[in-house]
Amino acid sequence: MEIFAPLLQYLISGLTNGAIYALIALGFGIIYNATTIINFAQGEMVMLGALCAISIYHLAPSLPLAFAGAVVLVTCVGLIFERLALSPVKDPTPIALIIITVGGAVLIKGVAMLLWGKEAYNLPPFSGDAPIHLGPATILPQNLWVLGITAIAVAALEAFFRLTLVGKAMRACAYNTRAARLVGIAAGRMVQLSFGISAALGAGAGILIAPLTLGVYDMGTMLGLKGFSAAIIGGLGSMAGGVLGGLVLGVAEALATGFISSGYRDAVAFLLLLLVLFLRPQGLTGGRK
Amino acid sequence: MTPPRFLNRWLLFAVAVGVIAAFMDQDYYYTLLNFIGIHTLLVVGLNLLLGYAGQISLGHAAFFGLGAYTSGILTATCGVDPWLALVAGLAVSGLAAFLIGIPALKLRGYYLGMATLGFGIIIYIILNEADGLTGGPSGLSGIPSLSLAGLAFNTPRRLYLLIWIILGIILAMSANLVNSRTGRAIRALHDGEAAAESLGVDTFRLKLKIFVWSALYASLAGSLYAHTLNFVAPSSFGFMFSIKLVTMVVLGGMASIWGSLLGAGTLTVLPELLTVFHDFEMVIFGAILMVVMIFLPRGLVRGILDLCESRRYKRQGGRISF
């Protein structure tokens, strides 16, 4: 039983981080489905979400306002990014798109550094920080917020894609863009929409994690890469895969931090990524070819 | 490329290197030129992979780091001869590239980008964390200078000669490689893997060969870097440096040997010229990557040349032919 107490604690922190990775992974998956592009700037949307929310909170100390305001702002950034950086590309080879989106990520990060400086900022937790005791482990209210909002977001997305006309149109584009065009779906609009939704998901992830880790201009790169790892581990383009990949990655990292060393935490994430890429590139859930 | 012009370029290169060495006497400029040389070595190697073979590596700083740290650890900690350490660095980097390349190069596009990126980050973390071996985040100092027949390369001017002579040889080798049978196979691979295979090119072996080859360039650059600074720290080998290398390739021009010199030169000199550059570094690098790839995907020089060329042909009322 001695090993059980820390194990539960690692599991809680792993699942919390995993939920964040899952949100980011879903953002990658939605854009990939609409365009077969991997948007390496996705992580920067997370950072922008966190920092915008913090700035809005400093102007008007209301968390719901900060949350909504930041999501709207970052969604606009995502839409503008698609218009300015990706729609003018004449020859969209994967290499060109990798370089362009990586360039976009570096640019956004650089601008954020100029705007917010290099300090880390604090966002208060959504409902206090009195720990809740759960058997031998403790859980912070913010952990519950992260898990709860992620679950709601996933359910809402699933409902959007299954039940609404626009959602179905987006799925049609993901399945076969040309056929979707033939039945009158505006594929270009769907691409824009996918960038908007992904940016909003990223921003949400950033706002949720800011009270736990602080918000700083360079937080996005690592979170984005891990979100992408989660997407690949689960199976790129699959919703269930993204969630599963995120949670697996989060828990694996937490266990490695607890039982091996915190310094190698990030290495574990990428080692897992390499293993999946080399042994099962279609991801745990199969995903698309 | 006709042979006499080809020869003239190399002659020009050698004369320029010699003239600078004869007439310039400010150490600052030599130091700058040394970094340009080292960066060019890296960029030529990455260009072979990215520009010619069309395979992306977002973790090239790792091979640079492996070369630098192998040289550093073997000479500073174990007292091995620097030249032997350099060769050991090549062996380590080459082997790492071979082992990581076998599974990674079966992947395409984004997956390859992500695998190389993951590898780069893992190496960076190891350099930081294995502090018993690497000195951790504060780095490894006391690396001796290279020396040849009693002459130590310990002043910027001597290092300049060493680095630029090596660079000249590497540039000539690379130009030779891309104009050879292998070079044509590499370009065929870039344009279409299936087509190249149907013409009898073993594309996987070829990709692996180029990957290892470009890692060896990076390792050589790393060893020279370690013996130039006499100090290495992990922060020089992170993700951002890998991105800078890609930026240098993109700016100089994909699939251009001399463009590599231009790309590395520009992006090494620019931060020195503009003191404000440091704060705007990321913005400028990001903007270069985006603007060049969106509007001039063949690189700055080639892109502008292409534009002029197509204008001229249009004026003459002819069609564009290659």
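H2(A) passes H8(A) in a right-handed crossing, the near helix being turned clockwise from the far one by less than a right angle. This is a predicted model, in which local features need pLDDT of at least 70, side-chain atom pairs count only at pLDDT 80 or more, and totals for chains, interfaces and linings use all residues. Residues are numbered from 1 along each chain as its sequence is written, while chains are lettered from A and ligands numbered from 1 in the order in which they are written.

Helix H2 spans residues 42-59 of chain A and helix H8 residues 187-213. Helices here are DSSP runs (H or I, at least four residues), numbered from the N terminus. The two axes come within 7 Å and cross at roughly 55 degrees.

Phe67(A) sits in helix H3 (residues 63-86) of chain A. Phe67(A) is buried, because 22 other C-beta atoms lie within 10 Å; the cut-off is 20 or more. Phe67(A) and Leu208(A) are 141 residues apart in sequence, yet 8.9 Å apart in space, C-alpha to C-alpha.

Now the contact between chains. Chain B gives 33 residues and chain A gives 36. On the chain B side, H5(B) supplies the largest share, 13 residues.

Technical notes
Helix = DSSP H or I, 4+ residues; strand = E, 2+ residues; numbered from the N terminus. Buried ≥ 20, exposed ≤ 12 C-beta atoms within 10 Å, placed from the backbone. Contact = placed C-beta atoms within 7 Å. Axes fitted to C-alpha atoms, helices over the stretch in contact; angles between N-to-C directions.
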